[in-house]
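Hi everyone, thanks for coming. Let me put the sequence and structure up, and then we'll talk through a few helices together.

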Amino acid sequence: MKKLLRKEAVIMRTKKYYTIYCQDVLGGIIFSSTGSSVVLPRKEVTIQWIGENLRKSLMESHDYSLQFNNGSGNDSEREKILELSLSKGRAFWFGIRDRFGFKDHLVAVSKSAAVFVSWEYEQTDQICFLATRGRGAGHSAWYLGENEGKVFYVSSHASDEEIASVALQALDACQPNYA
């Protein structure tokens, strides 16, 4: 069976900011070392900003499945990607911590609503938005049978405004862990 390649991103909303960050697929989901990740104070966010940046993050997401999961990948190259991911993710979250005055980076992440955005781009034009529920310093999907009204779709051919509208609808369906 052919592995379905996908692109990944996350949009988060807190009381202070919105962030959209790119994720890559490398065995699991990792912070992208090369893709677009942005943050903006909540009061400055527009529909256009959400749509443009979410599309950009998705387009820049990379799925390394074929490169590394068939046994032909270079382990040192894989480790380099993982190290860059960790470094860029840390710098991103520590930057948010400092910019918005959180006591640490975990608090900056934990007080938020988050939507997992995924697109199996070789299979479909439908981008999937999965509203999450907060759990401590992270987010999780819903248990089987609890996800009704928590999954949304929009075409990759939709306008930036339509993509943003679905993202906001999904954020509103989240069970955030605001403190």
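Let's start with helix α1, residues 47–60, and helix α5, residues 160–173: their axes come within 7 Å and cross at roughly 95 degrees. Axes here are lines fitted to C-alpha atoms, for helices over the stretch in contact, with angles running from 0 to 180 degrees between N-to-C directions. Angles of 65 to 115 degrees count as roughly perpendicular, so that is what we call α1 and α5.

Before I go on: this is a predicted model, where local features need pLDDT of at least 70, side-chain atom pairs count only at pLDDT 80 or more, and totals for chains, interfaces and linings use all residues. Residues are numbered from 1 along each chain as its sequence is written, and side-chain values use heavy atoms, leaving out hydrogens and water.

Which residues of α1 and α5 meet? From α1 we have I47, Q48, I50, G51, E52, L54 and R55, and from α5 come D160, E161, I163, A164, A167 and L168; contact means heavy atoms within 4.5 Å.

Now α5 itself. Buried, meaning under 20% relative accessible area with a 1.4 Å probe and protein chains only, are D160, I163, A164, V166, A167, L168, A170, L171 and A173. These pack against α1 and also against strands β1, β2, β5, β6 and β9.

Last, α3, residues 75–100: its buried residues are I81, S85, G89, F92, W93, I96 and F100. Their cover includes β1, β2, β3, β4, α2 and α4. Just after α3, G101 takes a positive phi of about 75 degrees.

Key: Buried < 20%, exposed > 50% of the residue type's maximum accessible area, 1.4 Å probe, protein only. Helix = DSSP H or I, 4+ residues; strand = E, 2+ residues; numbered from the N terminus. Parallel < 35°, antiparallel > 145°, perpendicular 65-115°, else oblique.
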